[in-house]
Protein chains: 4
Amino acid sequence: MDPLHILRIQCPDRSGLIAAITGVIAAHQLNIVVMKEFVEPVSNSFFARFEISGALNVDEITQELGKALPPTTQIELHAARKKDIVLLVTKEQHCLSDLLVRHFFGELHANIKAVIGNYDQLASFTKKFDIPFIHVSHEGLTKESFEQKIIDAMQPFEPEYIVLAKFMRILSPEFVAQYKHRIINIHHSFLPAFVGAHPYRQAYERGVKLIGATAHFVTNDLDEGPIITQKVINVDHEYSVTGMVQAGHEVEKAVLAEALKLLLEDRVFVTRNRTVVFD
Amino acid sequence: MDPLHILRIQCPDRSGLIAAITGVIAAHQLNIVVMKEFVEPVSNSFFARFEISGALNVDEITQELGKALPPTTQIELHAARKKDIVLLVTKEQHCLSDLLVRHFFGELHANIKAVIGNYDQLASFTKKFDIPFIHVSHEGLTKESFEQKIIDAMQPFEPEYIVLAKFMRILSPEFVAQYKHRIINIHHSFLPAFVGAHPYRQAYERGVKLIGATAHFVTNDLDEGPIITQKVINVDHEYSVTGMVQAGHEVEKAVLAEALKLLLEDRVFVTRNRTVVFD
Amino acid sequence: MDPLHILRIQCPDRSGLIAAITGVIAAHQLNIVVMKEFVEPVSNSFFARFEISGALNVDEITQELGKALPPTTQIELHAARKKDIVLLVTKEQHCLSDLLVRHFFGELHANIKAVIGNYDQLASFTKKFDIPFIHVSHEGLTKESFEQKIIDAMQPFEPEYIVLAKFMRILSPEFVAQYKHRIINIHHSFLPAFVGAHPYRQAYERGVKLIGATAHFVTNDLDEGPIITQKVINVDHEYSVTGMVQAGHEVEKAVLAEALKLLLEDRVFVTRNRTVVFD
Amino acid sequence: MDPLHILRIQCPDRSGLIAAITGVIAAHQLNIVVMKEFVEPVSNSFFARFEISGALNVDEITQELGKALPPTTQIELHAARKKDIVLLVTKEQHCLSDLLVRHFFGELHANIKAVIGNYDQLASFTKKFDIPFIHVSHEGLTKESFEQKIIDAMQPFEPEYIVLAKFMRILSPEFVAQYKHRIINIHHSFLPAFVGAHPYRQAYERGVKLIGATAHFVTNDLDEGPIITQKVINVDHEYSVTGMVQAGHEVEKAVLAEALKLLLEDRVFVTRNRTVVFD
């Protein structure tokens with residue numbers, strides 16, 4: 001089978017962009033397997049993602065595309081490959097176990113290099129799957145020291161993405177800035193409803209008839225980052241807060257798995273505080 | 001066919017309630033077609049709804065139930081029947097037309113006695129269905145006078161429920177107090193996300209991946225009343241604000257029709273700021 | 001605002017197609033507003049739909065595209081416009097009323113030229129909306145004569161699409177052949193479950209927990225044509241057949257409206273017995 | 001906290017049943033936490049499920065209920081407890097891993113006593129969770145001998161339910177008869193669409209826009225047993241058969257987990273070929 005490459009383009013919109021890009025690809029006799037594009041009208045930005053089959057020289061094609069496109073264009077071209085990721089957890093297992101099982105059976109388009117927990121409850125479960133578990137307690141530490149310890153723990157694994165798989169500590173702007181658009185979080189509500197702590201209790205008190213979960217990039221503003229995926233399920237008056245939490249776990253793990261899949265397949269762009277998702 | 005009655009009970013919970021109620025029903029050789037009950041644990045309140053077939057004396061049964069149940073019990077017993085309602089509208093047609101068509105074909109469990117609009121755009125459409133349309137403009141009037149004119153307009157129709165079918169004016173606490181738990185509204189968002197004006201614009205800016213609608217009782221606090229029904233649909237980066245509005249209309253009319261059906265069939269109870277819905 | 005054109009391409013796949021098409025468009029300084037493409041791997045066919053803004057000469061562009069693309073390519077290029085359609089009905093109103101109301105308020109991307117019914121129950125309702133209703137009874141007629149009468153009745157309206165909005169007669173292969181991929185039907189089940197008559201009764205007997213509806217192109221094989229849209233809703237043991245029918249009506253009209261919108265916006269391609277839908 | 005008991009009643013309908021049952025419960029000062037009932041109109045059968053809190057003598061209450069109810073009444077009364085189950089698998093892991101993880105974290109209302117596989121691929125994964133894996137190959141055996149070996153393997157565990165978690169062999173009527181309404185299966189389609197083998201390929205060929213999964217009791221007729229739970233997800237023309245299989249796995253495991261939860265909580269009754277599910 002021919003090798004598969006992913007090409008991602010982001011630039012100001014103007015006419016002729018698709019012709020310019022596909023002209024370069026065609027000139028090399030490469031085949032476009034899938035192509036998706038979108039023009040964001042507010043910022044007048046062009047986004048495109050291509051799956052290209054055929055042997056190619058990444059540097060050469062990138063250079064040619066650079067010449068054919070506006071000077072501020074962001075071009076990413078690389079062979080399709082699994083990415084290295086690290087998971088951060090606290091005590092809840094449902095997202096972690098879901099990702100570890102997918103990883104174990106080769107269904108996650110990533111290498112889980114390590115799991116870091118601020119508690120050690122999930123250590124033995126993680127180790128069943130031969131993934132290193134690193135316990136970095138936050139106790140007695142300033143946020144700064146705690147985060148530095150996490151950074152140190154992650155450092156040898158050079159993760160492309162950091163997944164907060166029910167990590168219940170708020171990260172500082174300094175931490176977040178180091179991994180711009182590379183940290184994703186699962187929030188246990190349909191954002192922007194029920195920002196902050198105890199969303200299921202808030203949902204119960206408000207008497208909502210749907211509860212949900214949101215996977216989003218982490219930015220400086222708590223629960224305010226660009227949303228990747230959201231899902232909801234029906235609830236009714238018979239649900240207690242505990243019942244909502246249990247039902248919510250099912251949605252949370254499904255939403256996180258789906259968002260992570262989109263991210264790992266290079267399908268997500270960020271523009272302003274929104275995402276463009278080529279699914 | 002035997003006549004059908006609806007019995008609704010609301011009282012503090014204690015053991016033996018169902019035995020007491022069904023004992024009275026059984027003593028009269030009446031048949032319980034459907035029974036639903038719920039104990040709300042926070043307030044320790046008992047709610048039940050029965051559909052009872054067979055000829056019965058409403059006063060007699062009500063009196064016997066009163067004796068068998070705690071003194072503060074609320075008992076409602078009446079023959080199943082269509083209720084009289086009035087619709088309040090502004091300019092948007094999608095909820096109004098949906099309800100008028102259902103009514104025309106006998107599929108709405110209600111008699112629409114009149115449509116009142118603060119604009120007259122929907123007059124000619126309403127009249128196609130032989131329903132009176134009353135134009136009560138808010139222009140040049142204080143809120144108080146405007147609302148008094150609406151109350152005067154509704155008065156001859158003695159509506160049991162008032163349906164805000166995209167009525168875009170906020171009602172005063174005084175108005176609302178006159179029709180406690182008898183006014184329902186359709187809000188064009190998944191409450192409590194995007195309270196207030198322009199929810200679709202807010203949703204667009206926030207980049208959500210689902211948009212929704214909420215049917216709720218109107219209380220003094222804007223968009224804060226007990227929720228009856230909510231639904232959402234998927235959106236993605238390709239939706240403009242206008243596209244969200246159009247897609248949202250489909251959800252709004254579906255949610256309002258469903259909530260109204262539940263209400264008209266006496267399936268909805270209010271407890272604190274939540275609803276118990278026996279669907 | 002610039003005029004908008006729709007370009008649809010269908011041809012055998014080969015590398016360089018998108019470059020060839022977008023090259024022609026770019027050479028005329030036209031702007032691609034939206035572009036979607038798909039390669040069907042079984043037949044190795046390429047499908048694409050473009051929305052193009054800017055003044056253009058349809059014949060000239062079509063000719064240039066013809067030269068740039070494989071000889072068997074099907075090219076459709078036309079200004080975005082409302083299409084003329086005719087609705088066929090029997091006695092049920094829910095799909096008809098939904099389409100008439102959308103049409104009345106300018107929300108259907110089509111001109112409903114006429115409604116033809118084999119019963120006359122829906123005549124007075126149709127006429128409220130100033131649409132001609134033509135009663136063509138099937139009684140006492142052979143299928144051939146009945147269908148000829150329908151064809152005669154439709155003839156002056158020159159419909160681009162014929163919508164079976166709960167038309168409960170099976171059309172002959174001869175009739176269908178005259179309007180290839182131009183007749184759509186709403187079937188009241190999640191096809192291929194419950195083909196044929198009384199799908200809700202079949203669904204009830206089978207005890208399914210979901211019921212659905214399917215909009216599809218009509219072909220010679222009953223209920224076997226290419227599917228455009230499907231939706232389902234939850235049901236449970238409390239649903240009688242009648243309850244399923246009522247709940248099903250909501251899905252049927254939603255599915256038909258959605259499929260028709262896709263069709264009228266030129267988003268649907270047929271390949272083998274499947275559809276490619278660029279939504 | 002008071003002990004919780006589950007009471008299930010199934011009998012011919014007649015007036016006074018609920019009064020009779022709740023009269024017995026009230027006479028013992030027991031508290032009804034939840035009560036659900038249903039009258040199946042075709043067979044005129046009454047079904048009810050109660051959660052009762054308070055100390056009680058099972059034999060005494062059962063006897064009293066027996067006296068108060070029709071002679072053919074089926075009464076089940078037992079303390080709420082985890083049930084013993086055995087899982088049968090072939091090679092696919094997604095349902096097995098989902099159930100093993102839930103079990104490991106105490107979230108499955110059951111004790112998984114053993115996993116039996118006709119291949120040994122899933123042995124090492126199962127053993128991570130300290131659950132016995134028994135390999136019973138079908139190779140070279142008659143169906144009769146193969147099934148006898150499975151029965152022998154299960155025998156020491158005395159399972160109340162047998163869960164076919166992607167067990168790809170058809171069981172004989174003799175096997176099924178031994179475990180009436182105690183075997184549940186997950187079928188990878190929205191039954192009754194795509195009965196039999198390769199439902200995803202069938203779905204792909206038919207061009208459906210939704211794919212689903214069905215959890216059902218196993219009866220003599222393949223894929224024809226009473227349905228407990230069904231779910232679907234959207235697919236479009238971009239899904240290959242493989243893509244449908246992958247997406248379908250998510251639905252299959254969710255549907256099986258949900259059906260099993262309902263079963264283990266004694267919420268499912270069978271009547272004719274349908275289920276009554278008190279969720």
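Two exercises with worked solutions follow, on how the chains of this model touch and how they are related.

The model is predicted, so that local features need pLDDT of at least 70, side-chain atom pairs count only at pLDDT 80 or more, and totals for chains, interfaces and linings use all residues. Residues are numbered from 1 along each chain as its sequence is written, while chains are lettered from A and ligands numbered from 1 in the order in which they are written.

**Exercise 1.** Describe the side of chain A that touches chain B.

Step one: the contact takes 22 residues from chain A and 22 residues from chain B, where two residues are in contact if their C-beta atoms, placed from the backbone, lie within 7 Å.

Step two: at least two residues of this side of chain A come from strand 11 (227–234), and at least two from strand 13 (274–277); strands are DSSP runs of E, at least two residues long, numbered from the N terminus.

**Exercise 2.** Find how chain A and chain C are each related to chain B.

Step two: chain C is superposed on chain B by a rotation of 180 degrees with 0.0 Å of shift along its axis (RMSD 0.0 Å). These two copies are therefore related as by a two-fold rotation axis.

Definitions and conventions:
Helix = DSSP H or I, 4+ residues; strand = E, 2+ residues; numbered from the N terminus. Nonpolar A, V, L, I, M, F, W, Y, C, P; charged D, E, K, R; others polar. Least-squares fit on C-alpha atoms with pLDDT ≥ 70 in both.
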